[in-house]
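Biologist: I have some time to go through this one with you. Can you put it up?

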Amino acid sequence: CHRQREQEQGSGSGSGSARLQPPEPSLLRFLVCPLSKRPLRYEEATNELINEELGIAYPIIDGIPNMVPEAARMTHKKPPAEGSEQP
């Protein structure tokens with residue numbers, strides 16, 4: 001049973017964990033944010049498509065961008081409250 005499981009995993013049928021694969025370079029120039037309709041920047045370090053204007057990042061899973069707004073994460077932190085930076 002254990003040997004059969006090893007063979008199935010090694011056959012390329014998928015292991016359940018996402019591989020860090022960049023999207024096809026020719027595809028990047030056509031991708032825009034579904035919310036702002038503006039171009040996205042590819043961030044190799046995090047394997048995400050970044051919308052600087054809105055401060056959100058779309059994940060890329062197995063080379064496929066997940067452009068669903070609910071799947072995006074916020075990249076900008078909330079600004080500090082007024083007066084909190086003053087000594």
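Biologist: How many bridges join strand 3 to strand 5, and which way do the two run?
Modeller: There are 2 bridges between strand 3 and strand 5 (residues 73-74), and the two run antiparallel. Strands here are DSSP E runs of at least two residues, helices are H or I runs of at least four, and both are numbered from the N terminus. Two strands pair if DSSP finds at least two bridges between them.

Biologist: Which residue stands opposite Ala57 in strand 5?
Modeller: Arg73.

Biologist: What should I know about the source before we go on?
Modeller: This is a predicted model, in which local features need pLDDT of at least 70 and side-chain atom pairs count only at pLDDT 80 or more, while totals for chains, interfaces and linings use all residues. Residues are numbered from 1 along each chain as its sequence is written, and side-chain values use heavy atoms, with hydrogens and water left out.

Biologist: Fine. What is the order of elements from the N terminus?
Modeller: The order is α-α-β-β-β-β-β, that is, 2 helices and 5 strands.

Biologist: What else does strand 3 pair with?
Modeller: Strand 2 is joined to strand 3 by 4 bridges, antiparallel. Strand 4 (residues 64-65) is also antiparallel to strand 3, with 2 bridges.

Biologist: Which residues take a positive phi in the hairpins?
Modeller: Asn47 does, near 55°, in the hairpin of strand 1 and strand 2, which has 4 residues between the strands. The hairpin of strand 2 and strand 3 also has 4 residues between its strands, and Gly55 in the turn has a positive phi of about 70°. Between strand 3 and strand 4 there are 2 residues, and Asp62 takes a positive phi near 55° in that hairpin.

Biologist: Back to strand 2. Which of its residues are buried on each side?
Modeller: Glu48 and Ile50 are buried on one side, Leu49 and Asn51 on the other, so both faces are covered. Buried means under 20% relative accessible area, exposed over 50%, and partly exposed in between, with a 1.4 Å probe and protein chains only. In a regular strand the side chains alternate between the two faces of the sheet.

Biologist: What does Leu49 touch, leaving aside its neighbours within four places in sequence?
Modeller: Its contacts (heavy atoms within 4.5 Å) include Leu28, Leu31, Leu40, Ile56, Tyr58, Ile60, Pro65 and Met67.

Biologist: Which residues make up the largest nonpolar core?
Modeller: There are 9 residues: Leu31, Cys33, Leu40, Leu49, Ile56, Tyr58, Ile60, Met67 and Ala72. Strand 3 (residues 56-61) gives the largest share, 3 residues. Such a core is a set of buried Ala, Val, Leu, Ile, Met, Phe, Trp, Tyr and Cys residues joined through side-chain atoms within 4.5 Å.

Biologist: What share of the chain is buried?
Modeller: 21% of the 87 residues. The chain exposes about 7,000 Å², and carbon and sulfur atoms supply 53% of that; the areas come from the Shrake-Rupley method with a 1.4 Å probe, and for residues only the protein chains shown count as cover.

Biologist: Switching to charges. How many salt bridges are there?
Modeller: The whole structure has 4, counting a side-chain nitrogen of Lys or Arg within 4 Å of a carboxyl oxygen of Asp or Glu.

Biologist: Which residues are linked in a network?
Modeller: Arg41, Glu43 and Glu52. Arg41 meets Glu43 with the closest N and O atoms 2.5 Å apart, and Glu52 meets Arg41 at 2.5 Å, N to O. The Glu52 pair links distant parts of the chain, with Glu52 in the loop between strand 2 and strand 3 and Arg41 in strand 1, 11 residues apart.

Biologist: Which residue forms a salt bridge with Arg38?
Modeller: Glu53, with the closest N and O atoms 3.2 Å apart. Arg38 is in the loop between helix 2 (25-28) and strand 1 (41-43), and Glu53 in the loop between strand 2 (48-51) and strand 3, 15 residues apart. Arg38 is partly exposed at 46%, whereas Glu53 counts as exposed at 55%.
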